[in-house]
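Subject: Handover of a structure and the findings from it

Dear colleague,

Please find below the structure that I am handing over to you. My notes on it follow directly after.

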Amino acid sequence: MAYRERLMLSWWWIVVIAGLILSVAVVYFVYQPPQIAGAVTLGLVALAAGAAAAGSARVRVEPAGLHVGRHQLGWPYVADARALSVDESRDRLGTGADPRAFLVTRPYIRRVVEVTLADPADPHPYWLVSSRHPEELADAIRRAAGR
């Protein structure tokens, strides 16, 4: 029943960012003293690592409920979950969006799972959660919620 996923940058994004940092470092090492170039390079690496860590989130399906980042949704409040296609995901995050929806999405992950809520008092009609394995996540949510 347990499902775990960490929403992190893809390996190819890391390669692109490393290439950008390397190109800036080369320019600095050509035109600046080594101390300044080294400090700038280390600063860029630290900034990139911090941004990547801050942009990641954990998705967990556990007996207590759905945990997405620091947010939790108990099973009595889950009505249904379904994996959306790339086109449906784009629509639900764009022109077909409900501004009241709760979003935990990452722009580098193209698909989302829509979790419909069963609590009429909740201001959010549904949650949209990014996932690299949306069918597995939706199945795990439905099984854990007893749907």
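The structure holds 9 salt bridges, a salt bridge being a side-chain nitrogen of Lys or Arg within 4 Å of a carboxyl oxygen of Asp or Glu. Please note that this is a predicted model, in which local features need pLDDT of at least 70 and side-chain atom pairs count only at pLDDT 80 or more, while totals for chains, interfaces and linings use all residues. Residues are numbered from 1 along each chain as its sequence is written, and side-chain values use heavy atoms, with hydrogens and water left out.

Salt bridges

Arg82, Glu88, Arg92 and Glu114 are linked in a network of salt bridges. Glu88 is partly exposed, with a relative accessible area of 34%; here buried means under 20% relative accessible area, exposed means over 50%, and partly exposed lies in between (1.4 Å probe, protein chains only). Arg82 is likewise partly exposed, at 39%.

Helices (H or I, at least four residues) and strands (E, at least two) are DSSP runs, numbered from the N terminus. Glu114 counts as buried because its relative accessibility is 8%.

A further salt bridge joins the side chains of Asp98 and Arg100, with 2.9 Å from N to O. Arg100 is partly exposed, its relative accessible area being 48%.

S5 and S7 run antiparallel and are joined by 5 bridges. In this pairing, Ala81 stands opposite Val115 in S7. Strand S7 (residues 112–117) is also joined by 5 bridges to strand S8 (residues 126–130), and these two run antiparallel. Here Val112 is placed opposite Ser130 in S8. Because 5 of the 6 residues of S7 are buried, this strand is largely enclosed by the rest of the structure.

Ile141 is found in helix H4 and counts as buried, at 1% relative accessibility. Which residues does Ile141 touch, not counting residues up to four places away in sequence? They are Val61, Leu66, Trp75, Val78, Ala81, Val113 and Val115, where contact means heavy atoms within 4.5 Å.

The hairpins

Two of the residues touched by Ile141 are Val61 and Leu66, and Leu66 in S3 is the bridge partner of Val61. Strand S2 (residues 57–62) and strand S3 (residues 65–68) run antiparallel, joined by 4 bridges, and a hairpin connects S2 to S3 through 2 residues.

S3 is in turn joined by 3 bridges to strand S4 (residues 71–73), again running antiparallel. Val68 stands opposite His71 in S4. S3 and S4 form a hairpin with 2 residues between them, and Gly69 in the turn has a positive phi of about 65 degrees.

A nonpolar surface patch

Trp11, Trp12, Trp13, Val15, Val16 and Leu20 form a nonpolar patch on the surface, with about 680 Å² of accessible area together. Patches are made of residues with over 30% relative accessible area and no salt bridge, with like charges joined within 9 Å and nonpolar side chains (Val, Leu, Ile, Met, Phe, Trp, Tyr) within 5 Å. Accessible areas come from the Shrake-Rupley method with a 1.4 Å probe, and for residues only the protein chains shown count as cover. Trp12 has its place in helix H1 (residues 11–31) and is partly exposed, at 45% relative accessibility.

Yours sincerely

Notes:
Pairing = 2+ DSSP bridges.
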